[in-house]
Amino acid sequence: MSKHILMVVTTADKMKENHPTGLWLSEFGEAYVEFEKAGFAITVASPLGGKAPLDARSLEGETSQEILNTAKHLENTLKLDTLTESAKFDAIFLPGGHGTMFDLPDNQMLQALIREVYEGDKVVAAVCHGPAGLVGVTLSDGKSLVEGKDIVAFTDDEECETALDRFMPFLLETRLRELGANVVTAPNWTDNVQRSGNLITGQNPQSTISVAKEVVNQLLN
């Protein structure tokens, strides 16, 4: 029976001061392609459902047709509130894009899904700003999911380099440290993946394929 993965994407299209944002396409597309190659069933969901907005900057430069083709799976995402059953998912994956900083941290349905998947000894994975979806997750014992875990996410240095830090509700690396995570940083824009039990995280867009491959590895072995 094929493994079933839930990909949760942002539906936020604005940062502070109405600065446009959305999902970072390569972080969704590269992972989608890896999961598809592994033969996984894939469900794509979001806080609002419907079409997920793409950050226009993620379409700049050279993007392969294979990745561009995955955008069709973002046209009609399921609304998170309709996913009442976490048991059918073997993993949950959160791609980034600055939009995640605005609609994932406080989403209670997402928090419940992540807690159930994690406590069911299934895989929870996130890349770049995707770990914003982890900051509000508490486990059944009341502790933060990230407390004491080796974890990576988009770093404060990377955020400052994008010059978008002033549009953020908080800095992700700083917030994760405040929650007791052991954030393992690598130089800006380098591939950096950490696995802490069944929690897998990646630092930036350059880490997406490595995170996705680690998810596939965990599910198939």
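The following legends describe close-up views of one predicted model.

Residues are numbered from 1 along each chain as its sequence is written. In this predicted model, local features need pLDDT of at least 70, side-chain atom pairs count only at pLDDT 80 or more, and totals for chains, interfaces and linings use all residues, while side-chain values use heavy atoms, with hydrogens and water left out.

**View 1**
Helix α1 comprises residues 25-37; helices (H or I, at least four residues) and strands (E, at least two) are DSSP runs, numbered from the N terminus. Because 10 of the 13 residues are buried, α1 is largely enclosed by the rest of the structure. Buried means under 20% relative accessible area, exposed over 50%, and partly exposed in between (1.4 Å probe, protein chains only). Among the buried residues of α1 are Leu25, Phe28, Tyr32 and Phe35. Their cover includes strands β1 (4-8), β2 (41-46), β4 (91-94) and β5 (123-127), together with helices α2 (65-69) and α7 (208-220). Gly39, which follows α1, has a positive phi near 85°.

A nonpolar core is a set of buried Ala, Val, Leu, Ile, Met, Phe, Trp, Tyr and Cys residues joined through side-chain atoms within 4.5 Å. The largest has 36 residues, of which Ile92, Ile114, Leu134 and Leu176 touch the most other members. Two or more residues each come from β1, β4, α4 (108-119), β5 and α6 (172-178), and α4 gives the largest share, 5 residues. A second, separate core of 29 residues includes Val44, Ile67, Ala125 and Val127. Contact means heavy atoms within 4.5 Å; leaving aside neighbours within four places in sequence, the contacts of Ile92 include Leu6, Val8, Ile114 and Val124.

Strands β8 (residues 193-196) and β9 (residues 199-202) run antiparallel and are joined by 4 bridges; two strands pair if DSSP finds at least two bridges between them. Arg195 has Ile200 of β9 as its bridge partner. The hairpin has 2 residues between its strands, and Gly197 in the turn has a positive phi of about 65°. In a regular strand the side chains alternate between the two faces of the sheet. In β8, Gln194 and Ser196 form the covered face, whereas Val193 and Arg195 form the uncovered one.

**View 1. Leu78 in strand β3.**
Leu78 lies in strand β3 (residues 78-79) and is partly exposed, with a relative accessible area of 40%. Leu78 and Pro47, 31 residues apart in sequence, are 8.4 Å apart in space, C-alpha to C-alpha. Beyond neighbours within four places in sequence, Leu78 is in contact with Thr43, Val44, Ala45, Ser46, Gly49 and Leu83.

Most residues other than glycine have a negative phi, and most peptide bonds are trans. Asn18, in the loop between β1 and α1, has a positive phi near 60° and is exposed, with a relative accessible area of 56%. Trp189, in the loop between β7 (182-183) and β8, has a positive phi near 65° and counts as partly exposed at 30% relative accessibility.

Terms used: Expected span 1.5 Å × (residues − 1).
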